[in-house]
Amino acid sequence: MSAVGSGTAERRAEGPGGDLLAALLDGMDAALCAFDAGGTVTHWNREAERILGWSAEQAVGRRGFAGWAARRADADEVLGRLMAAMHAPGRQVHEFALLRKDGGRVLVRTQSAGVRGADGQPAGVYCAFSEVHAQIDLERSIALSEALLEDASWGVVLVDVDLRPAVVNARAARALGTGRTTALGRPLGELIAQGVEEVEGALQHVLAEGAPRGLVELWVTLRGGDGQVRRRCLRSGFLRLASPLAEEPVPLGVGWLFQDVTEARLAEQEADRMRFRSSQLHRAGAAAAECEDPMEAATVLLDFAVAGFADHALLDLSVDERRLVRAASTPVGAPGPVALVAGGGVPVPYQDGHPALQALARTGPVRASAAAARPHAAGEWAAERRWPVDAAHALCIPLRSRGRTLGIATFLRSDSRPAFERPDAVYAETVTTRLAASLDLAEALRGR
């Protein structure tokens, strides 16, 4: 093998082919040297010079490392193990302590392999080496990447500059309701039904400005593989990925790391809701106790119950098993407190099957929703039931006291709010128990 020295006359004499080979060797990120069959150094690139301090002019032409790049006591063993690769298949990996030009020692990891001549006979060995700590850093980085993509407790999605998933780890695939390969290259809108704008906005910001300082929580509705949608809260962190090989940082995409914290956030919301409702009940009881008129106390109780719970409230008193008379309600078209209805005495024209009449007959709560009946005609649905036209969800609770049904309390929500659920009915029953006691007292006082 011909000698190639950085900046020497030997290299220039070899012509364009030698210049190209020298340029390739010097441009390598790994240190590289080569030996002929006798153990003489024939090639030595700039990375080898950087690590050990010996230039190509000083290295090329020496036999082995004895007296310069290795201690004399170690030099024969080092050369022997390197040259053994000339007769062995594949690559051989070793670790050696070599000497820097300034006298310091450095532990290197080598990969050596034999070189054969045109006749097929062993002609020498080439050896690539790097400092062990640098190699360990590289291996540690690779191990970290593998661990994140396989065993991490966080979901990890690597997104390319077009905002399409390029790598998805197992936990992220389960959270998103897809397969690890199924999601690759697909727009995020195919995985996220609602909230995709927030996610893509965060990714765009990271690509342009870098990662945010802290974690963010994103509420998204995911499209499951079974066709069902699931609303989830993803606690997310973002990392901008840039190429380490470019002179200037070139964005390769974004690393999106997230944890599903939906259950914790829902539990916190429920706890906050319970604290608020408990506070409302306490305040309502204190305010009602100051009312001389039991009917006024009833409207106060109902007014406190509506806050944060419903958009409208109606109070209908029972005439008989099939008729109800409106006694109080919240104003229609503008916010305001629950007020008694002037006059009254005329039954509300509820049709058969009306939720209020169902609650009256069952002596139990009844929930109704426009979405279940006529999803595209909520206004007509409400008008047919003699409710404000913006009502989309209803909860009717019978007012029971001393074994009698005194009337029905109806709570209404617009379509911008969720439908009433079982916990809402339990809270409303707690309110109406106190409400019924005030109505019963008012009835008793009228009968004296």
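Within strand β14, Leu-340 is the bridge partner of Ala-328. Strand β13, which spans residues 324-329, pairs with β14 in the antiparallel sense over two bridges; two strands are taken to pair if DSSP finds at least two bridges between them. The model is a predicted one, in which local features need pLDDT of at least 70 and side-chain atom pairs count only at pLDDT 80 or more, while totals for chains, interfaces and linings use all residues. Residues are numbered from 1 along each chain as its sequence is written, and side-chain values use heavy atoms, with hydrogens and water left out.

The secondary structure of the chain comprises 14 helices and 17 strands. These elements are DSSP runs numbered from the N terminus, with helices (H or I) of at least four residues and strands (E) of at least two. Of the 448 residues in the chain, 43% are buried; buried denotes under 20% relative accessible area, exposed over 50%, and partly exposed the range in between (1.4 Å probe, protein chains only). The chain exposes about 23,600 Å², of which carbon and sulfur atoms supply 53%; accessible areas come from the Shrake-Rupley method with a 1.4 Å probe, and for residues only the protein chains shown count as cover. Of the contacts between residues at least 6 apart in sequence, 50% join residues at least 24 apart, a contact being heavy atoms within 4.5 Å.

The pair β13 and β14 belongs to an open sheet of six strands, ordered β14-β13-β12-β17-β16-β15 with antiparallel pairing. Its edge strands are β14 (339-340) and β15 (366-369), each of which pairs on one side only. Helix α10 (residues 294-306) lies across β12 (312-318), β13, β14 and β17 (404-414), and runs at about 145 degrees to β12. Axes are lines fitted to C-alpha atoms, for helices over the stretch in contact, and angles run from 0 to 180 degrees between N-to-C directions. Helix α11 (residues 355-362) also packs on the sheet; it touches β12, β13, β15, β16 (391-401) and β17, and its direction makes about 160 degrees with that of β15. In the loop between α11 and β15 lies Thr-363, which has a positive phi of about 50 degrees although it is not a glycine. Thr-363 counts as partly exposed, at 42% relative accessibility.

A further open sheet of six strands has the order β7-β6-β11-β10-β9-β8, and its pairing is antiparallel. Strands β7 and β8 (192-194) stand at the edges with a single partner strand each, so one side of each is left without a neighbour in the sheet. From one strand to the next, the twist averages 45 degrees. Strand β8 pairs with β9 (residues 216-223) in the antiparallel sense over two bridges, and Gln-194 stands opposite Thr-221 in β9. Helix α8 (residues 196-209) packs on this sheet, where it touches β6, β8, β9, β10 (229-242) and β11 (251-260); the direction of α8 makes about 10 degrees with that of β10. The loop between β6 (155-159) and β7 (165-168) holds Leu-163. Phi of Leu-163 is near 65 degrees, a positive value in a residue other than glycine, and at 9% relative accessibility Leu-163 counts as buried.

Eleven aromatic pairs are present in the structure. Rings of Phe, Tyr and Trp (its six-membered ring) pair if their centres lie within 6.5 Å; planes under 30 degrees apart count as stacked, over 60 as edge-to-face and the rest as tilted. The rings of Trp-256 and Phe-258 have centres 4.9 Å apart and planes at 45 degrees, so this pair is tilted. Both Trp-256 and Phe-258 are buried. For Phe-309 and Phe-420, the ring centres are 5.5 Å apart and the planes stand at 50 degrees, so this pair is likewise tilted. The pair links distant parts of the chain, 111 residues apart: Phe-309 is in the loop between α10 and β12, and Phe-420 in the loop between β17 and α14 (422-446). Phe-309 is buried, with a relative accessible area of 1%, and Phe-420 counts as buried at 5% relative accessibility.

Phe-309 also has a charged neighbour: the charged end of Arg-413 sits over its ring, 5.3 Å from the centre. The criterion is that NZ of Lys or CZ of Arg is within 6 Å of the ring centre and within 35 degrees of the ring normal.
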